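Welcome! Take a look, then follow the topics one by one.

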Amino acid sequence: AREGMPDLEGALEIGPALEILVAAPSPRQKVEIRLPVRAVLVTNFRQVDPAGWVFNPQVAWDYDSEGSGWNASLSLGSLFADRKYHAYYYEVEPRYATPERPAYRATGGYSGAIVTGTVSRRVGRIWIGGFLRYDNLAGAAFVDSPLVETRHSVMGGVAVAWTFATSTEMVTN
């Protein structure tokens, strides 16, 4: 869909999040409202440029199974972004328009719904984690962009980390 257009650069999101505890049904479970706001920066490793703002309000349930060492979470949220962010990913400037890819000017606003599930576990110095995420773009401000090829996506991943050093004094939550 982007053939003949400039390549997208790597993006980094950074910013604060307000987390509000809604309920704690047990010592190992909690339900929170999370309100992260992030600035988006893109880089080609020679320079860094701002690429807008995103806001991702969500309701999250976290479970810590203390005994088995497994932790899990499930969150449901939506994403909102400013025009600059949507333009970076979805805008087609007139000079890049083709008969199959008309020009498109992005606007800010609603960016879709997200459902994410995660699991993780520590075994000694090794941490293992995985996630599964579903995105739905129905009603998104940019859904009519010719660069949008699907309105749904599912993605997942697995990670393994090794802790090479720890503090001699540990703090529990």
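Which side chains meet in a salt bridge with a distance of 2.6 Å, N to O? They are those of Arg 133 and Asp 135. Please keep in mind that this is a predicted model, where local features need pLDDT of at least 70, side-chain atom pairs count only at pLDDT 80 or more, and totals for chains, interfaces and linings use all residues. Residues are numbered from 1 along each chain as its sequence is written, and side-chain values use heavy atoms, with hydrogens and water left out.

**Salt bridges**

- A salt bridge here is a side-chain nitrogen of Lys or Arg within 4 Å of a carboxyl oxygen of Asp or Glu, and the whole structure has 7 of them.
- Asp 135 is buried at 12% relative accessible area, while Arg 133 is partly exposed at 26%; buried means under 20%, exposed over 50%, and partly exposed in between (1.4 Å probe, protein chains only).
- Salt bridges with shared partners join Lys 30, Glu 32, Arg 34 and Asp 62 into one network.
- Within it, Glu 32 and Arg 34 meet at 2.9 Å, N to O; Glu 32 is buried at 6%, and Arg 34 is buried at 17%.
- Glu 93 and Arg 95 also form a salt bridge, with their closest N and O atoms 2.9 Å apart; Glu 93 is partly exposed at 33%, whereas Arg 95 is exposed at 62%.

**Aromatic pairs**

- There are 8 aromatic pairs in the structure; rings of Phe, Tyr and Trp (its six-membered ring) pair if their centres lie within 6.5 Å, and planes under 30 degrees apart count as stacked, over 60 as edge-to-face and the rest as tilted.
- Phe 80 and Tyr 110 have ring centres 5.6 Å apart and planes at 65°, so this pair is edge-to-face.
- Because Phe 80 lies in strand β6 and Tyr 110 in strand β7 (residues 109–123), the pair ties together parts that are 30 residues apart in sequence; strands (E, at least two residues) are DSSP runs, numbered from the N terminus.
- Ring pairs also link Tyr 85, Tyr 88, Tyr 89, Tyr 90 and Phe 142 into a cluster.

**A nonpolar surface patch**

- β6 (70–81) and β8 (126–136) each supply at least two residues of the nonpolar patch.
- Leu 74 sits in strand β6 and is partly exposed at 47% relative accessibility.

How values were computed
Helix = DSSP H or I, 4+ residues; strand = E, 2+ residues; numbered from the N terminus.
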